[in-house]
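Hello,

Please find the structure below, followed by notes on what was found in it.

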Amino acid sequence: MIRPSITEKNKIEKLSRLPQGGSCKAGVLIEKNAGWRNKCPVYNPDKCTGCYQCYMYCPDGVISKEGKGISIDYDFCKGCGICEKICKLQAIVMEGET
Amino acid sequence: MIAERVTAQNISDNEFFYGHKACGGCGGSLAVRMALKVLGERTLLTLPAGCMSAVSFNYPQMSYANNAIISAFAGTGAVMSGLKAGAEAMGLKDYHVLGIAGDGGTADIGLQALSGLIDRNDDAIYICYDNEAYMNTGIQKSGLTPYGSTTTTTPAGSKGKGNIKQKKNLFEIVAAHGIPYAATASVGYIEDFATKVKRASQIKGTSFIHVLAPCPTGWGIDTSETIEVAKEVVDTGLWYLAEFYDGEYHLNRHPKVFSDVTHYIRRQGRFQHLKDEDIDIIIRSRDKTWKRIEGFKE
Amino acid sequence: MSQVRFISGDEAFALGVSLARVQVISAYPITPQTIVVERLADMVEEGELDSKFVHVESEHSAMMTAMGVSAMGARAFTATSSQGLLYMAECLGYVSGGRFPIVMMNANRATALPWSIYGDHRDSLSQLDCGWIQIYVEDAQEALDMAIQGYALAESENIRLPVMVNLDGFVLTHTYEKVNIPDRETIDAFLPKRNTWDKLDLDNPVSMAFTVGPELNEEFNLLHHKASINALGELARIDKEYAKITGRSYGNAVKGYRTEDAEYVLISLGSISGLVRDAVDRLRKEGIKAGAIKIRMMRPFPKDEIAALTKNVLAIGVIDKDISFGYEGTVYTNVNSALLQKKIYIPSYNFIGGIGGRDVSVDNIESCFKEMINADTKETVRFMGLEVIDDC
């Protein structure tokens with residue numbers, strides 16, 4: 001699967017380590033977004049029928065199909081709560097971030 | 001129009017727009033994510049200065065997995081033509097040129113370049129994600145801000161009602177160019193939008209999609225409400241889902257009964273100041289629009 | 001075999017662009033640039049040039065289209081003038097900061113108001129800070145040659161910056177001269193197809209034109225600055241290589257004339273430089289040790305070269321087809337700064353002339369020298385050749 005991923009941030013000590021042209025590598029992440037969240041989606045696979053509407057409507061794309069259900073990438077979930085509203089079966093419930 | 005319907009089942013697992021810094025519940029970022037999932041890794045994307053570039057291009061953090069370049073604010077359509085001409089010159093095959101800009105970047109400052117792109121009929125897809133104001137700069141009025149909405153430049157006060165202009169009719173402005181394919185969509189009906197992106201990709205020549213994309217920050221709604229509101233704007237008839245191709249308009253969805261406009265208005269912070277008579281103006285304007293688009297094919 | 005044709009500066013430039021095998025041309029019409037793009041459109045139409053002509057709806061879009069082309073790794077060309085250059089100004093810094101090696105011809109023309117379609121240097125000199133390499137040519141032959149060398153310079157691995165080649169409006173763009181046109185094979189060997197790693201690449205996706213925060217923004221600008229400075233040496237190297245195949249050399253970023261023993265030197269840009277040399281010859285006959293310096297490149301600025309040519313001079317003058325209102329001509333500012341940095345403390349004078357297409361004669365230039373010799377330092381910035389008495 002193609003998806004931007006976390007890369008370790010190198011401290012740039014010399015000018016020659018910067019991009020020497022107009023381009024830099026695509027899909028490079030150095031920071032997670034988990035800290036933004038004050039509510040956390042909690043997934044209950046027992047209630048999930050695999051309609052994947054939560055996956056479709058997630059603005060951050062942090063919900064992936066996994067087997068007959070889904071998985072959530074908590075590194076990048078911002079806790080917006082769209083998935084909870086979309087799920088008609090309450091298979092995702094937002095709970096306070098601890 | 002034939003194009004297989006894009007669904008949760010058949011859409012690609014790849015995520016090309018990921019780890020970005022858009023606000024939680026951002027409708028625009030959902031439109032961008034969906035468009036790239038449909039079009040795939042061989043997409044050459046340009047987007048102007050605006051939310052969707054500001055949240056994703058901070059060196060060295062790059063949230064697009066595909067090739068992407070920021071254009072000057074007014075230049076989206078022109079960079080698209082350049083990418084297309086350059087790709088042809090380099091002998092590339094099997095790729096898409098995609099431009100994504102917001103409402104201000106499309107209907108205001110970028111309208112000239114968009115018009116030029118359509119006039120040249122370059123084979124490229126332009127998507128306008130419409131969150132109904134200049135959100136990146138702090139919620140200022142754009143040409144697509146709806147009647148009655150308060151923005152930081154159309155504040156509602158003792159005299160003002162917020163914005164007193166109706167939205168520009170961007171869809172029909174674009175269609176009037178004789179474009180091969182144009183459509184309206186809403187992130188509230190995401191499969192409809194994704195399917196339109198697919199159709200656009202199969203068109204030879206320029207195609208354009210105007211997708212309504214709520215901004216929780218600018219609209220004064222909870223981050224979890226983006227999709228509900230984006231569905232409701234269609235269900236109330238304040239936004240319509242349509243296509244233009246072969247020189248004719250086609251209406252995709254005609255609600256038998258419109259849902260309650262007052263409910264849609266009252267749930268949003270940007271409309272809090274409106275009185276019932278203002279809502280009546282909004283309803284009358286909607287009815288006038290629907291009278292006009294009755295001529296669209298169904 | 002090369003051939004000689006009698007053509008205008010615009011046509012010469014178009015032929016240079018064609019010989020450079022530009023892959024995409026995007027341009028919007030403005031007098032006196034139009035002929036260059038009309039000729040290119042003809043060449044594309046007739047199949048002489050395998051290139052795509054993109055009809056854009058503004059200069060802003062012309063430059064943004066060129067950027068898109070360049071981002072794909074292809075060779076892009078555009079041309080403009082005056083208001084058109086100002087209209088695309090936002091894109092100039094964009095394209096240079098993004099390191100896109102586009103070549104643009106600018107037909108130097110006055111900027112409004114008052115309206116004028118005729119030549120001066122206020123358009124391009126107002127854009128000195130936009131990060132482009134700026135070249136000023138003297139005749140149609142140099143125009144053709146610098147269209148070709150412009151790409152060699154722009155695409156040099158240690159530069160990768162856009163190049164603006166300036167031709168004086170009408171005086172150069174529309175004047176017919178004998179021009180030697182090299183053959184395709186010669187130029188193909190000199191300037192191969194653009195081949196770059198720095199592009200949008202379907203097999204190796206990249207992001208371009210990105211944001212850099214305060215923690216590294218200055219460093220990116222330093223890289224840009226260093227790349228620009230590299231063009232001074234690179235121009236001289238390319239000139240030598242070009243001379244080997246065509247027999248024509250223009251020297252480096254400045255060209256001195258009778259400066260070896262000169263006591264009074266006048267500095268100029270572009271097409272007026274021939275007249276300055278004529279004035280020098282006349283004054284030499286009178287026993288005055290006059291000399292001339294032509295600046296071919298305004299960015300990067302050849303401060304060392306200028307200083308080297310003015311070491312033993314008693315006074316210098318700068319003719320500016322430009323006025324930075326409320327101060328002085330911009331070339332003068334640049335020259336004075338260069339001399340100060342090199343600890344050359346001599347009187348300097350600024351002659352503002354040729355504004356809005358005003359003719360400058362050899363007599364006008366001679367009187368510039370005379371004013372320098374008379375050492376009147378009360379007013380160092382003077383408008384030359386005024387047709388009315390200045391009583392305001």
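Helices (H or I, at least four residues) and strands (E, at least two) are DSSP runs, numbered from the N terminus. By that rule chain A has two helices and seven strands, in the order β-β-β-β-α-β-β-α-β along the sequence.

This is a predicted model, in which local features need pLDDT of at least 70 and side-chain atom pairs count only at pLDDT 80 or more, while totals for chains, interfaces and linings use all residues. Residues are numbered from 1 along each chain as its sequence is written, chains are lettered from A and ligands numbered from 1 in the order in which they are written, and side-chain values use heavy atoms, with hydrogens and water left out.

Chain A

The radius of gyration is 17 Å, whereas a compact globule of 98 residues would have one near 13 Å (taken over C-alpha atoms; the rule is 2.2 Å times the number of residues to the power 0.38). The C-alpha trace spans about 55 × 30 × 20 Å along its principal axes. Of the 98 residues, 46% are buried (under 20% relative accessible area, 1.4 Å probe, protein chains only).

Helix α10 of chain C

This helix covers residues 273-285; at 1.5 Å a residue its 13 residues should span 18 Å, and its end C-alpha atoms are 19 Å apart, which agrees (the expected span is 1.5 Å times one less than the number of residues). Its buried residues include C:V276, C:A279, C:V280 and C:L283. The buried residues of α10(C) pack against β10, β11, β12, β14 and α13 of chain C (contact means heavy atoms within 4.5 Å). Just after α10(C), C:G287 has a positive phi of about 90 degrees.

Regards

Terms used:
Buried < 20%, exposed > 50% of the residue type's maximum accessible area, 1.4 Å probe, protein only.
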